[in-house]
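The report that follows is meant for a reader meeting this structure for the first time.

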Number of protein chains: 2
Amino acid sequence: MTRIEDIAKKLEVSKSTVSKALNGAPDVSETLRKTVLETAVELGYSRSTRKRGAKQLCIFIKNMAYDSPSDFGHDIIIGFRKMAEPAGFIVAIEELDDHLQKHNQYDEYMLQRNYVGALFLGLSLSDEWLHQLRTSQTPAVLLDNYVKANPNVAYIGVDNSEGMNLTVSYLKGLGHRKIGYLSGALGSYINQIRYSAFFHALRKYGLSDDPALGGNAYLFSECLQKHLPRLLKQGVTAIVCSHDLLAHTVMIYCQELGLRVPEDISIVGFDDLPLCSYTIPPMTTVQQNRTEIGRSAFYALSSLMAGTPISTLLLHAQLMKRQSTAVVPEIPPVKKLMVSHNAFSISDEKI
Amino acid sequence: MTRIEDIAKKLEVSKSTVSKALNGAPDVSETLRKTVLETAVELGYSRSTRKRGAKQLCIFIKNMAYDSPSDFGHDIIIGFRKMAEPAGFIVAIEELDDHLQKHNQYDEYMLQRNYVGALFLGLSLSDEWLHQLRTSQTPAVLLDNYVKANPNVAYIGVDNSEGMNLTVSYLKGLGHRKIGYLSGALGSYINQIRYSAFFHALRKYGLSDDPALGGNAYLFSECLQKHLPRLLKQGVTAIVCSHDLLAHTVMIYCQELGLRVPEDISIVGFDDLPLCSYTIPPMTTVQQNRTEIGRSAFYALSSLMAGTPISTLLLHAQLMKRQSTAVVPEIPPVKKLMVSHNAFSISDEKI
């Protein structure tokens with residue numbers, strides 16, 4: 001285990017200089033501080049070897065709201081803190097912007113800020129730190145992101161495969177045979193995983209898995225105006241979405257087109273955000289128990305800190321059956337729209 | 001939460017009768033005891049609601065040796081007990097035969113024996129209790145077996161996908177382009193998972209994923225006499241096996257045929273049993289850290305008992321590079337065997 005002495009020896013400076021540099025003392029130059037941090041990371045020095053005082057963890061958050069109980073991140077943070085604080089940890093929360101990632105190396109930043117471990121919420125595949133996490137030394141748990149073969153990094157999330165299997169088998173039980181899928185952009189790991197889990201579920205339950213039944217886009221408007229009419233024209237009677245907000249938008253758009261939910265078309269979300277109980281009609285969705293995700297994230301992180309190399313920790317998904325799904329309609333929605341000569345045929349022509 | 005009173009009321013007997021029946025008192029008839037147990041399970045009564053005394057967990061073990069440190073199950077049990085006993089649990093170990101499964105319903109058996117949770121090692125897909133675990137109420141953690149959508153059951157194991165990716169990418173780096181796979185019978189979940197993970201890895205690294213590059217059989221002899229010659233004839237220069245004992249047998253058989261390991265053919269196992277350091281040559285294999293699996297299994301079980309619905313907990317796999325793998329040979333092993341007119345051509349004719 002690397003000690004402060006080892007860093008001092010390698011750099012031929014005193015122990016107190018190293019200590020001051022690591023703790024950001026003002027009388028150490030920025031250049032020296034940077035050199036000390038780089039050397040500390042290179043030698044594998046870790047804050048967790050220090051015994052004094054409370055240890056600090058950091059929740060880095062990006063692309064995710066967490067302020068109010070209706071926000072996705074809120075309960076995850078609560079669950080995490082409920083475990084971490086009684087165990088003697090201080091939990092900081094930092095919003096992670098691109099500038100911070102660009103100008104700081106992850107391991108160095110953690111050392112410098114005195115963080116012994118991190119939970120990342122909302123990273124996308126293009127984030128600079130996600131690349132650094134392939135070889136990082138400071139324990140980190142990633143919600144919905146998987147990093148291969150680094151024993152210091154674990155992936156936590158809901159069992160998406162189970163969620164899609166439950167959804168497709170439920171819709172099949174209601175008589176649906178042609179089910180479409182709308183997704184956010186595939187630049188995120190979780191969108192990729194859910195996309196492939198959905199088509200895997202179609203195959204598993206013997207339904208058509210024609211790739212044309214899926215559509216993805218960064219913008220909701222593209223999903224609505226480009227992909228949704230395309231799916232309807234193929235005769236889908238139900239649409240599953242990669243997340244609740246998209247499903248809610250699809251629901252409203254279908255209603256504006258003149259389709260009744262669930263009588264003419266069934267719609268399913270993913271996540272079970274609080275809003276799902278209040279949409280009209282209330283939305284069938286796959287629940288992620290966010291408090292339990294937060295609690296388990298702390299377990300995974302403390303395991304990594306204790307040297308147990310957890311790779312993946314998934315929680316059971318649960319299908320919340322509400323009123324946005326019903327038995328398959330006798331007339332597919334596309335036929336209903338053609339008969340009523342409504343907005344659909346217009347937006348359809350644009351494509 | 002169901003109490004003894006509820007069972008007594010439903011059956012119209014006294015609380016003390018229910019209590020005696022649950023605890024196997026000799027003055028309660030076998031028929032009544034059975035009825036009480038069935039009703040207790042039906043009502044969702046759980047031992048974990050009882051507060052008195054130490055709580056008991058059971059490790060059920062089947063098809064797996066565990067007596068000596070060189071056995072696969074040994075360290076898993078040690079890891080589990082090291083966590084469970086300080087937490088105040090008594091850990092029983094029971095060998096699980098078909099007779100026991102046939103004559104006892106899982107939840108009833110757990111209640112009757114006063115077990116509040118179970119760890120299963122070595123179940124196969126045909127085990128009766130594996131079917132019951134789809135809807136069981138008593139928390140259970142399964143090594144290498146996955147049960148969908150029961151919040152009381154979790155799957156724990158190593159990250160097989162990661163293990164196969166590490167293996168294939170390492171062999172590709174050594175110049176191998178045609179890699180074969182030999183596996184135990186696909187009647188086990190773990191063999192299925194590794195099989196598909198191997199072929200997935202071939203695709204991921206741009207190598208041929210011809211299904212003919214794989215072979216599986218319950219008997220080692222069938223792998224050796226039927227599949228191995230078939231793989232060699234296709235020009236494979238490396239063979240990955242679903243587990244170490246099979247890999248060791250393949251290694252010896254290749255040597256008997258006149259092939260040098262690793263100069264003529266590379267061989268990789270899976271599990272990193274202690275024997276891998278002592279084979280000649282020492283075997284490259286994917287490590288499962290069994291002590292950590294045991295420790296994590298206890299965590300998963302205690303989470304389930306606390307109501308956190310863990311579905312899957314995987315540990316990072318690590319590739320242990322030893323001497324059974326080397327750069328791709330200039331002459332594929334099959335050509336070498338043809339030139340030397342040895343046993344291979346004979347056993348080949350049998351196919």
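Which residue is the bridge partner of A:Ala118 in strand 4 of chain A? In this predicted model, the partner of A:Ala118 in that strand is A:Ala140. The two strands concerned, strand 3 (residues 115-121) and strand 4 (residues 140-143) of chain A, run parallel and are joined by three bridges.

**The shared sheet**

These strands belong to an open sheet of twelve strands with mixed pairing, whose order is 2(A)-1(A)-3(A)-4(A)-5(A)-11(A)-11(B)-5(B)-4(B)-3(B)-1(B)-2(B). Strand 2 (89-95) of chain A and strand 2 (89-95) of chain B stand at the edges, and because each has a single partner strand, one side of each is left without a neighbour in the sheet. From one strand to the next, the twist averages 20 degrees.

**How the two chains are related**

Chain A is superposed on chain B by a rotation of 180 degrees with 0.0 Å of shift along its axis, at an RMSD of 0.0 Å, and that is the relation of a two-fold axis. The C-alpha of A:Leu313 is the one in chain A nearest the axis, 2.2 Å from it. The same surface serves both copies, since 100% of the contact residues of chain A recur in chain B.

**Chain A and its domains**

Chain A has 14 helices and twelve strands, and its C-alpha trace spans about 85 × 40 × 35 Å along its principal axes. Of the 351 residues in chain A, 47% are buried, while residues 24 or more positions apart account for 70% of the contacts with a separation of 6 or more.

The domain assignment divides chain A into domain 1 (4-154 + 297-317) and domain 2 (160-289 + 319-349), and 38 Å separate the centres of these two domains, taken over C-alpha atoms. Twelve residues of domain 1 of chain A are in contact with 14 residues of domain 2 of chain A; on the domain 1 side, the touching residues divide into six nonpolar, five polar and one charged.

Definitions and conventions. Residues are numbered from 1 along each chain as its sequence is written. Chains are lettered from A and ligands numbered from 1 in the order in which they are written. This is a predicted model: local features need pLDDT of at least 70, side-chain atom pairs count only at pLDDT 80 or more; totals for chains, interfaces and linings use all residues. Helices (H or I, at least four residues) and strands (E, at least two) are DSSP runs, numbered from the N terminus. A residue is buried if 20 or more other C-beta atoms lie within 10 Å of its own, exposed if 12 or fewer, and partly exposed in between; C-beta atoms are placed from the backbone. Two residues are in contact if their C-beta atoms, placed from the backbone, lie within 7 Å. Copies are superposed by least squares on the C-alpha atoms of residues with pLDDT of at least 70 in both. Two strands pair if DSSP finds at least two bridges between them. Axes are lines fitted to C-alpha atoms, for helices over the stretch in contact, and angles run from 0 to 180 degrees between N-to-C directions. Domain bounds come from an automatic or database domain assignment. Ala, Val, Leu, Ile, Met, Phe, Trp, Tyr, Cys and Pro count as nonpolar, Asp, Glu, Lys and Arg as charged, and the others, Gly among them, as polar.
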